Amino acid sequence: MTVEGSVDGSDGNRDASPEATLSAKSGAGLDARPTLLEAQGLTFRFGARAALEDVSFAVKAGEILGLLGPNGAGKSTAFRVLSGQSAPAAGRLSWKGQPVVARDRAFRAQLGVVFQEPSLDLMLTARENLALGASLYGLRGAHAKAEIDRALENAGLAVRARDRVKTFSGGMRRRLEIARVLLHRPALLLLDEPGRGVDPEALARIWEQLERERRERGLAMILTSHQPEEAERCDRVVFLDEGRVIAEDTPEGLRRMVAGDLLRIVGPAPEAIAATIRERLSLDARVLNLEVLVEAPAGHALVPRVVELFAPGTLEAVSLTRPSLADVFAKLTGRGFSVNKVTS
């Protein structure tokens, strides 16, 4: 049996630096910023099935808001409504306090939209793709060139500007797509699953690019994700499940829904292990993904008590961690996230 721990102020499940960085920028300062986009009571149906049911949230200037949930939670439907691709059956959107009407061109001009599926021309160079995007946004001449140069630099692609996009990695293509939708300097960026199909190193570079835009000009973002680790980068997170909002708070506030530390126990008979812990220690032990999970205000003190309950060899591993956003979702719903594999 192995026993592991990570409750010394750091988080064994993730890099704590993104949240520490964001907390310095948000907090009380974020509360004072104006609200850009507000969704009130959004409802959308596919026949008799509600993909969204009375969904409300808002995003402030310079804020990163995450819509987090498993596949089928309603994230993509919310994204289509926010980006103007679909009209809700009920509810409304407001931009800076004013209602957004159908096909509102002035509202769309404030948006940058990055879809899940790539839309670059692989036979064009990086600069040519950006030039095409600039023309669609109405940027011309020296202004367009200056914005393209800036976009390439911020994306870390200046040295590859003349290379065809077909030679780029998946992460480089994603950075170029983001650079293109930021050419007209939108106030709000919508990102649908920005980490999909991107390896961790490439994703870190994408977030460097996004954070630079936020730092330099107060860009606000709404992202959809089914990856709890990615949502840790957000100032606030909205949990969606079966088309409804089930919780909303900062990542730290959501984690406080799980009391203290989280004990994870692995063994050949998880249901029997959980039953023994419930019976002998009067603790709420639940099974998720073949692990036994036990919340504990003082996890280190609980580890030896749990180990002593079982004969040698019964437990394969006992680990102690801080709760993650995935753990919070599991506590609220009794289910875990469905995580897609990285494809490139």
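I begin with Asp235, which lies in the loop between helix H9 (228–231) and strand S10 (236–241). Helices (H or I, at least four residues) and strands (E, at least two) are DSSP runs, numbered from the N terminus. Please note that this is a predicted model, in which local features need pLDDT of at least 70, side-chain atom pairs count only at pLDDT 80 or more, and totals for chains, interfaces and linings use all residues. Residues are numbered from 1 along each chain as its sequence is written, and side-chain values use heavy atoms, with hydrogens and water left out.

Is Asp235 buried or exposed? At 6% relative accessibility, Asp235 counts as buried; the term means under 20% relative accessible area, while exposed means over 50% and partly exposed lies in between (1.4 Å probe, protein chains only). The Asp235 side chain reaches the backbone nitrogen of Ile64 at 2.9 Å. It also makes a polar contact with the side chain of Arg214, at 2.7 Å. A polar contact is a pair of N or O atoms within 3.5 Å; within protein, one must be able to donate a hydrogen and the other to accept it, and residues adjacent in sequence count only if both atoms are side-chain atoms.

Arg214 forms one with Glu211, the closest N and O atoms being 3.5 Å apart. The two residues are three apart in helix H8 (residues 200–217), and are therefore separated by about one helical turn. Arg214 is buried at 7% relative accessibility, and Glu211 is buried with a relative accessible area of 13%.

The structure holds 22 salt bridges. In one of them, the side chains of Arg236 and Glu63 meet at 2.5 Å, N to O. Arg236 lies in strand S10 and Glu63 in the loop between strand S3 (49–60) and strand S4 (64–68), so this pair ties together parts that are 173 residues apart in sequence. Both Arg236 and Glu63 are buried.

Note on methods. Salt bridge = Lys/Arg side-chain N within 4 Å of Asp/Glu carboxyl O.
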